[in-house]
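Colleague: I am new to this structure and would like to learn how to read it feature by feature. Could you take me through it slowly, giving the general idea before each case?

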2 protein chains.
Amino acid sequence: MPGYDAPIREIRFLLEDVFGYDQHTPNLPGFEEATLDVVMAVLDGAAEFVKDVLVPINLPGDREGCHFDQGAVTTPKGYKEAYELYRQNGWPALAASPDWGGQGLPPSVALMVREFVASGSMSFGMYPGLSQGAYRAILAHGNDELKQIYLPKLVDGSWMGTMCLTEPDSGSDLSRLRTRAEPDADGSYRITGTKIFISSGDHDLTDNIVHLVLARLPDAPAGTRGLSLFVVPKRLAQDLPGALAGAPNNVNTGSIEHKMGIRAQATAVLNFDGARGWLIGKPHGGLRAMFTMMNSSRVGVAVQSAGVAEISYQNALAYAKERRQGVAPKVSKATDSTARTGNDGRDLIIDHPDVRRSLLTMKALTEGMRAFYLDMALLLDVRAARANSPEGEAAENRLALLTPVLKSFLSDCALKVTELGIQIHGGYGYIHENGMEQFYRDARIVPLYEGTNGIQALDLVLRKIGLDDGRVFESWLASVEACTEHAASIASLASMAAAERLAVAKLRDATARLRAWQAASEWHVAGAATDYLQLFGLVTLGALWLRMACAAHAGRERNPQLASFFSGKLGTAKFFFERLLPASETHFDAAMSGADALMTLRADEF
Amino acid sequence: MPGYDAPIREIRFLLEDVFGYDQHTPNLPGFEEATLDVVMAVLDGAAEFVKDVLVPINLPGDREGCHFDQGAVTTPKGYKEAYELYRQNGWPALAASPDWGGQGLPPSVALMVREFVASGSMSFGMYPGLSQGAYRAILAHGNDELKQIYLPKLVDGSWMGTMCLTEPDSGSDLSRLRTRAEPDADGSYRITGTKIFISSGDHDLTDNIVHLVLARLPDAPAGTRGLSLFVVPKRLAQDLPGALAGAPNNVNTGSIEHKMGIRAQATAVLNFDGARGWLIGKPHGGLRAMFTMMNSSRVGVAVQSAGVAEISYQNALAYAKERRQGVAPKVSKATDSTARTGNDGRDLIIDHPDVRRSLLTMKALTEGMRAFYLDMALLLDVRAARANSPEGEAAENRLALLTPVLKSFLSDCALKVTELGIQIHGGYGYIHENGMEQFYRDARIVPLYEGTNGIQALDLVLRKIGLDDGRVFESWLASVEACTEHAASIASLASMAAAERLAVAKLRDATARLRAWQAASEWHVAGAATDYLQLFGLVTLGALWLRMACAAHAGRERNPQLASFFSGKLGTAKFFFERLLPASETHFDAAMSGADALMTLRADEF
């Protein structure tokens, strides 16, 4: 069974040395008490919970899966107890508003906790994860009555939430959603339709489930402008004529999916058979309200990606430090490898260069992924604390630009990392009981849900890079260039900065070309989308690795007893710039060829 | 449930238009009757068997898995019946010698049948697939008595074989194998030890199983030079003092593995408890005898890779031609896409450029994979027909050089293709009943077994490129250059040839550098291995795509009624050179940086 220790040291490095957390979030109104010490104490508690409670149920839960019997879903053994403990510990309330019973900590803290939870069990983490979206949608768009009914229950974790968007014919394209909502005399609505792929759609962890459902009012215009958002509880949450609170609503679970991974997570088909729902926000304003949840969910997917990559990397590293096979070529310059050759003359596989290549790829990506989501999380703190200010709006814009990159690039990284985690284990990686193959299967959902990565790439090239006539992109790129120039001023980091500078230039060129294509040649933009997003992601990770390298460079002088930690960071940065960043050139060339090679075939020539 | 039609048209194109099969194999002694018409008739039969018998049991077999109860293994429902039909149809005898009841067809034909079988069920294909290795090892190294006992049974399929190499402490590194063999008075040996990860190790498809086991004689030297090969039947195959033929041998199944994929294939732990075995070949000559089997197995893995990629591609294509989502950007130049926009204004996803990119990647890789293994298969025909001649030796050498590339590059391609097959399906790709995720899980074994891809890469750089002081490599590269120059002479293919020429130059440079590093800086060679192999694989596929493009160019003029088939080939070739080959530059740069970025960290700095 895989092991796990939460990456506390890594997080501290990022918060303290790289992002200067204490000069950032505690200076924001409302977050004054969320100092680094407080945050680290919270994370220590989460680390313990994940290691003791979640990691032990992850592999058995995958084996057992969820059960569906006579219309009801049961989670695997241990999940109900784990959730009860999670709830008692107050984790659902972490970043919720004190107005509704929350602890009022900044969003960034909740996201770091979610990373640990995702490492422990991606399936488990999705149950409370989706509640966050329901909480935020009701908080932002619900009326006072709905807030009073639902928010305290979501915050104390006694109820959970879902997002019900997808229907069989409408996945990436929501314009054809058919679920109907008809007004009732008592002010509620009757919701009728079938929703599929509903994560946490039914389960036994809480008594009630709060479904957020996109549906059409009778007078709705066609397309996505005709969607309205409703809250539809599994059990009624208030007394109604003829039905008391606690009575079952007409929300019926049709089945649960047999999935490749996240098998302890109940992905349900839900049939709404005239179920009672309540409108949230304006009629026909559902998509806008839902986007609040979807953008948060996409950041959540990125955090999951980092979490599953982290546990895969930890176990690959541990295996590489204990497995001996063959004799590694000896490196002429001094390393400590010969010291570890076994009595039988065989070397640890960590001393084999090709295994190193895989391990360093995992390490460079995983640590880069964490830096990326944390950088975004600190913007979420700003947005939360400074809503309706220029600073908040700037944070909002940068989040809008980077969210598709964050979601797609990190979910692709999660596949690469977990795939390498299998490969390093050789045949053992393919065996269920070692857990490595589960990490890949669990991770395989992240490029698919919350908008496939292809859809994210289109969002980036068709909408996001042109935000505010390109000024949002320019402002972000200027910040990348600033940290590149800072790194260039440090002699030992100059070659890394030079590599980043080249990649930044490519991204600038590519962006200009895409925006020029936009009007007349949209098919080229669409054909370039995925490669452009990969280029964008590599440049972003490069900037973050430069920041980490600068911090490690400074830290090594300041803090000699942590020298090996900082040296490891610098060596990993070197690897990133020498072995991973160069792929940006291939992506640039591919993006710049647009759709030329894509659209030459007719469909019948395939 | 996924569909499948064997790629008969593709195979005919390769045999007839690209490789000139009828001027090749039927001209070899012993294969005169294996004309193109005969081969196509055999393949039509295999296509029907796979579609009618194997495809229907593949998904249910994955769901059910193998059973292990009271020491015995049962395969999933339908597998025993399918195998009985396979045997009755004579498929096990296809390429076996008529001396032992075989049909005497060339190896290439058997491999094409194996591709179809692997598409239908990778798990199923491995059962008879491993028998081939046992057949060849006994044929090449066994004495007459062993041949007479075992070969007719293996050829008529009433018995099956296995390869027993791996032990818990010895996977990639066979030098530490511990299984012992002690001579008995009757000329047999007593085999004692535990073997793990034994494919087809136990099952109910045949009455007897013929294990080929590596073990050490009492006087064996240490390391791989002390290994001998034994045939150890599950049930005795001849009368012995105190035990009659048919009596159980002391080969006990300890367990079967719960695996990520190929779940209808029984991967067993086998305990040999003083089991009776018979020496094959010379004492301490076991590894050499086993290598005969292992090289064949590696070609077999490549064929499996092509098979699983093919069925994934077929189903992704079918889905892309029936699923409508969103509105695709219209391409200004004439294509047929607008003709297919649905009544509801939505387009088929095959008309979305980003989906095209994925489909074309799948198509270009899958068809390239098939061309690669078939090119090798025709060398196997030469080797089989012209053993001990200069022509046979040249074929042998080229096979030795290219086998690690074939095995690793194609297995990596299989992962890429099956991963895209999931992605094109969106959320549906993650659901078991649609089959796409099974293809990935099944494919995930190919980079791991028969020598991990990392081990193959080391074999390539440390041994194969230096074969005969580099002349084997030079001779192969000259053939690549010849087909590049041929393509360059055709105006419409000149830009593809130019791209290939650049990649060939990189491969030449990289090879020279690696050979120069060899003596003094082996760690650089090892650090470069995987990227060098990827570069090598891309150049190989490039040469094959040029040959396919030349053939399609000629075919389009000769055969106008197949114009859309040939146009499809030319368009796919264009895509390969514009969007896939350019990755060769990144791999070149990475390989040329050797181990510099890999060995800077100490193990405790990870």
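Modeller: Let us begin with a pair of helices, where helices (H or I, at least four residues) and strands (E, at least two) are DSSP runs numbered from the N terminus. Helix H4 (residues 107-120) of chain B and helix H5 (residues 122-141) of chain B have axes that come within 6 Å and cross at roughly 140°. This is a predicted model, in which local features need pLDDT of at least 70 and side-chain atom pairs count only at pLDDT 80 or more, while totals for chains, interfaces and linings use all residues. Residues are numbered from 1 along each chain as its sequence is written, and chains are lettered from A and ligands numbered from 1 in the order in which they are written.

Colleague: Which residues of H4(B) and H5(B) meet?

Modeller: Two residues are in contact if their C-beta atoms, placed from the backbone, lie within 7 Å. On the H4(B) side there are B:Arg114, B:Val117, B:Ala118 and B:Gly120, which meet B:Met122, B:Phe124, B:Gly125 and B:Gly129 in H5(B). The residues of this contact divide into 4 nonpolar, 3 polar and 1 charged, where Ala, Val, Leu, Ile, Met, Phe, Trp, Tyr, Cys and Pro count as nonpolar, Asp, Glu, Lys and Arg as charged, and the others, Gly among them, as polar.

Colleague: What rotation and shift superpose chain A on chain B?

Modeller: Two copies of a chain are related by a rotation about an axis and a shift along it. For chain A and chain B, the rotation is 180° with 0.0 Å of shift along its axis, and the RMSD is 0.0 Å. That is the relation of a two-fold axis; the copies are superposed by least squares on the C-alpha atoms of residues with pLDDT of at least 70 in both.

Colleague: How many residues of chain A are in contact with chain B?

Modeller: In chain A there are 80 residues in contact with 79 residues of chain B. Several helices of chain A each supply at least two residues of the side that touches chain B, among them helix H8 (353-385), helix H9 (390-424) and helix H14 (522-558). The residues of that side of chain A divide into 33 nonpolar, 23 polar and 24 charged. Of the interface residues of chain A, 99% are also interface residues in chain B, so the copies meet through the same surface.

Colleague: Is A:Ala320 buried or exposed?

Modeller: A residue is buried if 20 or more other C-beta atoms lie within 10 Å of its own, exposed if 12 or fewer, and partly exposed in between, with C-beta atoms placed from the backbone. A:Ala320, in helix H7 of chain A, is buried, with 21 other C-beta atoms within 10 Å. Leaving aside its neighbours within four places in sequence, A:Ala320 is in contact with several residues, including A:Leu348, A:Val355 and A:Ile424. A:Glu310 lies in helix H7 (residues 286-320) of chain A too, and with 27 C-beta neighbours inside 10 Å it counts as buried. By contrast, A:Val327 lies in the loop between H7 and H8 of chain A and is partly exposed, with 14 other C-beta atoms within 10 Å.

Colleague: Which residues have a positive phi although they are not glycines?

Modeller: Most residues other than glycine have a negative phi, and most peptide bonds are trans. Here A:Phe197 has a positive phi of about 60°, and A:Asp469 has a positive phi of about 55°. A:Phe197 is found in strand E5 (residues 189-199) of chain A and is buried, with 24 other C-beta atoms within 10 Å. A:Asp469 is found in the loop between H11 and helix H12 (471-488) of chain A and is exposed, with 9 other C-beta atoms within 10 Å.

Methods:
Axes are lines fitted to C-alpha atoms, for helices over the stretch in contact, and angles run from 0 to 180 degrees between N-to-C directions.
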